[in-house]
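These are my notebook entries on one structure.

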Amino acid sequence: MGENNRRANRRTVLRGIGASAIGLTGIGSLGTASAQDSITVTGVWTGGEQEDFLAVVDYVEGETDLEISYEPRDTEAILTGTLIDYEAGVATADVVVIPSPARIQSDAERGHLASLGDTWDPETFAPDPDQVLFEDEIYAAPFKMDLKPGFWYRPSFFEEHDLEEPGDYDGFLDLLAEIDGIEGVEAPLASGNGVGWPLSDLTEAFILRQEDGQELQPALIEGEAAFTDDRVRQAFEELQQLHQEGYFSELRDFGVQYEFFWENQTPLYFMGSWTPGFEAIQDPEDLDFFMLPGTESMVAAENWFTVPAYSDAVDAARTAVEAFVSADGQQVWAERGGFVASNLEVPEEAYDLEVMRELTALSGEVELVPDLDDTIGDPFQSEFWSQLTGLWAEPDQDIDSMLESLDGALQETVADGNEG
């Protein structure tokens, strides 16, 4: 990573994400359950990540005597499925992994969730518990931290073609032009997708690279800035220019896109800290990344464990959550790679891969900001995803009309949140 390979104490690094000290119920001793107790967990991890998570499940089962089954679902299925189930008074699973703090607060307000404040101590975790707080109760527990640093690449590919990390945005454009001319390359930039995510992560990077981007993104989240801001328009125009140059690949499911990335057909992929753990990555040692030139901040998002109030096994689910988010529980995945722990007591030596240690160090050197659409929630998030998939389908469309539509959804969402 060139000049970005400095080290930092991990506790200092992750504290930068904003853990706050508030007077809430402290963590209790880990409970146990009888051998016949069983619970279900649903989350977004599939493929190699599913294998890693199941290793943590094995640990939790050993610690609690619970039988735990895991049901993977994509993000959209979780967000829409839980919404329907909860309104009907049904638990989608005994433990539901939610990436959206906005949804957690909304679900808590509507009485859909059991409180989880006694399963973790905010003093020993990086994330800010205020994100999942409603009326002085915590309704989720943080597990996997997703840092979204920039473009991943294979150093072996860069060495083979005498390429270098760009020092500024002009250098970035020059790099794309060089890669575009290499035989066997479909396009320099991978277009990973699910339902508009992770195109949203890439777009946020272009927002963050604008003037005072690290202040602009939180202002958008709070509704203090409009999506028609000239800096947001500039970000979308830059993305549009890259489309017009033919620098984006065909749109593919983000997991499938890793296969094309690894084969050097789409050599630059804007992705998060989970990248080394994907099964398409045959040699995680042959991975590095660089931030989009101009950015001075990085998105940090968490995967939160929640327990539906409608579960028939709320106490057992709480016991499992406490074990999942413990330092020992999170260390199981950290040692396997592609994982940044939210628990500050996971030792630095748990991170075997050099690139993961570099990533956590870098996160302590830049400002960390919340994920835009996950934090704002719906209806903005759905509109954001829809407009981005539309942009990738028709890159020449009018940017101003897109931004006006997005700003309308933003203002509606923020207003609804304020009323709540």
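The entries below follow that order.

**Basis.** I worked from a predicted model, in which local features need pLDDT of at least 70 and side-chain atom pairs count only at pLDDT 80 or more, while totals for chains, interfaces and linings use all residues. Residues are numbered from 1 along each chain as its sequence is written, and side-chain values use heavy atoms, with hydrogens and water left out.

**Helix H9.** I took helices (H or I, at least four residues) and strands (E, at least two) as DSSP runs, numbered from the N terminus. H9 covers residues 230-244, which is 15 residues. From first C-alpha to last, H9 reaches 21 Å, close to the 21 Å expected at 1.5 Å a residue; the expected span is 1.5 Å times one less than the number of residues. At its N-terminal end I found Asp229 as the cap, with a side-chain oxygen 2.7 Å from the backbone nitrogen of Arg231. I noted Val232, Ala235, Phe236, Glu238, Leu239, Gln240, Leu242 and His243 as buried, where buried means under 20% relative accessible area, exposed over 50%, and partly exposed in between (1.4 Å probe, protein chains only).

**Nonpolar cores.** A core here is a set of buried Ala, Val, Leu, Ile, Met, Phe, Trp, Tyr and Cys residues joined through side-chain atoms within 4.5 Å. I found 82 residues in the largest, and Val41, Phe53, Phe143, Tyr258, Phe305 and Phe324 touch the most other members. Helix H11 (residues 314-325) gives the most to this core, eight residues. A second, separate core holds 49 residues, among them Leu202, Phe206, Tyr247 and Leu268.

**Cavities.** On a 1 Å grid over the protein atoms alone, a cavity is a set of points where a 1.4 Å probe fits but cannot get out, a pocket is an open set with protein on both sides within 12 Å along at least five of seven lines, and lining residues have an atom within 4 Å of a point. Points are joined across faces, edges and corners, and a volume is the space filled by probe spheres set on them. I counted two cavities of 30 Å³ or more.

The largest cavity holds about 80 Å³. Of its 13 lining residues, Lys148, Ala205, Leu208, Phe270 and Ser297 lie nearest the centre. Helix H7 (199-208) and strand S12 (297-306) each supply at least two lining residues, and H7 gives the most, four. I sorted this lining into eight nonpolar, two polar and three charged residues; Ala, Val, Leu, Ile, Met, Phe, Trp, Tyr, Cys and Pro count as nonpolar, Asp, Glu, Lys and Arg as charged, and the others, Gly among them, as polar.

The second largest cavity holds about 50 Å³. Its lining consists of Ala190, Ser191, Gly192, Pro198, Leu199, Leu202, Tyr269 and Phe270. Strand S8 (189-193), H7 and strand S10 (269-271) each give two or more of these, with the largest share, three residues, from S8.

**Second largest pocket.** I recorded about 600 Å³ for this pocket. Among its 30 lining residues, Val44, Glu49, Thr75, Trp197 and Phe254 are closest to the centre. The lining divides into 11 nonpolar, seven polar and 12 charged residues.

**Ser106.** Ser106 sits in helix H4 (residues 101-109). I noted Ser106 as partly exposed, because its relative accessible area is 22%. Ser106 and Phe134 are 28 residues apart in sequence and 8.8 Å apart in space, C-alpha to C-alpha.

Note on methods
Polar contact = N/O pair within 3.5 Å; in protein donor to acceptor, adjacent residues only side chain to side chain.
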